[in-house]
Amino acid sequence: AASLQENKNSTQAEKPKKQLKLEMVVELSRHGERSSKANFKNLTIGNSFDVNAKELTKVGAESHHSIGKALRKEFMEEGLLNTKKYDPSEVYVQSTYKHRTIHSANSQLDGLFGKDLSWPPKNHTNYHINYVPLKEDGMMMMTNETCLRLSETFKAVKADPKTKEMYERNKDFLEPRIYKILREKSGLVNANEADLVDLANFIDWTMRDGREVNLGLTP
C-alpha cells in the first residue's frame with residue numbers, strides 16, 4: 001500500500017502545471033494633482049493656479065503621462081499590448097463625467113501610446129473615453145442612486161461610539177493646535193471650520209503643484 005501511494009504521489013508531482021494565460025489588465029486610478037476649491041491668491045508665492053477651481057493642473061497631467069509611459073515600457077517588455085498603435089477594441093477607458101478625470105485619462109493614454117503630453121487640455125480627445133453619468137456609475141463613484149444603502153451606512157458609522165470618540169479626539173487636537181496655527185499664519189482670524197478646511201486643501205494642492213505658500217509652513 002505504501003508503495004502504491006508513493007507511486008501516486010510521484011505521478012502527481014511529475015504532472016506538468018497548467019500554464020496560465022493573461023486575459024485582461026484592469027487599472028483603477030484617481031485623477032492627477034488638481035487646483036483647490038478655494039483660491040487664496042494672497043497667500044501664494046508667484047503665480048496662482050493656471051486652471052479653474054478643482055481642475056487638473058499641468059503637474060497632475062504630467063503625473064498621469066509618466067504613469068502611462070511606465071505602463072508602456074512594462075507592456076512592451078511583456079508583450080501584453082501593442083502600444084505603437086491605439087486600438088479601442090483592445091483598450092477600454094471609463095471616466096467619471098468630470099474634466100479633471102477625463103483629462104487625467106487622456107494624459108495617461110498619451111504616455112501609454114508614446115505621444116507627447118497634450119497641454120493645455122483640449123475639449124476633444126484622440127481616444128474613446130466613456131463618460132458615465134454619476135447616477136449610473138456603480139464602479140467609479142458611490143452615490144445614493146448606485147448604492148441604495150449608502151446613506152444608511154453613513155448614518156450607522158457616524159452613530160458608532162468609536163466614531164464619535166474619534167471625532168471628539170480629533171476636535172480636541174484640531175481646534176487648539178492646527179486651526180489656531182492656520183488662523184494666525186493666514187491672518188484669517190475669524191475663519192470658521194469650513195473656511196479652514198478650504199485653506200488646508202488649498203495649501204495641500206498648491207504644494208503639490210510645486211509652488212510655495214506664504215505662511216512659513218513646510219510640507
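Lys54 is partly exposed, because its relative accessibility is 34%. The place of Lys54 is the loop between β1 and α2, and its phi is positive, about 65 degrees, although Lys54 is not a glycine. Most residues other than glycine have a negative phi. The model described here is a predicted one. Its contacts include six salt bridges and six aromatic pairs, and its largest nonpolar core has 14 residues.

**Backbone and loops**

- A cis peptide bond, with omega at about 0 degrees, joins Trp119 and Pro120.
- Most peptide bonds are trans.
- Pro120 belongs to the loop between α3 and β3, and Ser118 also lies in the loop between α3 and β3.
- Ser118 counts as partly exposed because its relative accessible area is 25%.
- In sequence, 60 residues separate Ser118 from Lys58, while in space their C-alpha atoms are 9.7 Å apart.

**Salt bridges**

- Six salt bridges are found in the structure, among them the one between the side chains of Glu77 and Lys73, at 2.7 Å from N to O.
- Glu77 and Lys73 are four residues apart in helix α2 (residues 58-78), so about one helical turn separates them.
- Glu77 and Lys73 are both exposed.
- Another salt bridge joins Asp204 and Arg208, with 3.0 Å between the closest N and O atoms.
- About one helical turn also lies between Asp204 and Arg208, because they are four residues apart in helix α6 (residues 193-208).
- Asp204 has 34% relative accessibility and so counts as partly exposed; Arg208, at 43%, is likewise partly exposed.
- The side chains of Arg211 and Asp209 form a salt bridge as well, at 3.2 Å from N to O.
- Arg211 and Asp209 are both buried, whereas Glu77 and Lys73 are both exposed.

**Aromatic rings**

- The structure has six aromatic pairs.
- One of them is formed by Tyr86 and Phe113, which is edge-to-face because the ring planes stand at 80 degrees, with the centres 5.4 Å apart.
- Tyr86 is in the loop between α2 and β2 (93-96) and Phe113 in the loop between α3 (99-112) and β3 (129-132), so this pair ties together parts that are 27 residues apart in sequence.
- Tyr86 is buried, because its relative accessible area is 17%, and Phe113 counts as buried at 4% relative accessibility.
- Phe40, Phe49 and Phe202 are linked into a cluster by ring pairs.

**Charges over rings**

- Arg208, the salt-bridge partner of Asp204, lies over the face of Trp205, at 4.8 Å from the ring centre.
- Arg211 lies over the face of Phe49, with 4.5 Å to the ring centre.
- Arg211 also has a salt bridge with Asp209, and Phe49 is part of the ring cluster with Phe40 and Phe202.

**Nonpolar cores**

- The largest nonpolar core consists of 14 residues, and those with the most contacts inside it are Phe40, Leu43, Leu196, Leu199, Phe202 and Ile203.
- Helices α5 (161-186) and α6 each supply at least two residues of this core.
- The most is given by α6, with five residues.
- A second, separate core has 12 residues, including Phe75, Leu81, Ala105 and Phe113.
- Phe40 and Phe202 have a place both in the largest core and in the aromatic cluster.
- Phe113 belongs to the second core and is also the ring partner of Tyr86.

**Nonpolar surface**

- Which residues form a nonpolar patch on the surface? Met24, Val26, Leu28, Leu134, Met139, Met140 and Met141 do, and together they have about 710 Å² of accessible area.
- Leu28, one of the patch residues, lies in the loop between α1 (2-14) and β1 (44-45).
- The relative accessibility of Leu28 is 64%, so Leu28 counts as exposed.

Notes
Residues numbered from 1 in each chain as written. Predicted model: local features only at pLDDT ≥ 70, side-chain atom pairs only at ≥ 80, totals over all residues. Heavy atoms only, no water. Patch = residues over 30% accessible without salt bridge, like charges linked within 9 Å, V, L, I, M, F, W, Y side chains within 5 Å. Areas by Shrake-Rupley, 256 points an atom, 1.4 Å probe, with all protein chains shown as cover. Salt bridge = Lys/Arg side-chain N within 4 Å of Asp/Glu carboxyl O. Buried < 20%, exposed > 50% of the residue type's maximum accessible area, 1.4 Å probe, protein only. Phe/Tyr/Trp six-rings, centres within 6.5 Å; stacked < 30°, edge-to-face > 60°. Lys NZ or Arg CZ within 6 Å of the ring centre and 35° of its normal. Core = buried A, V, L, I, M, F, W, Y, C linked by side-chain atoms within 4.5 Å.
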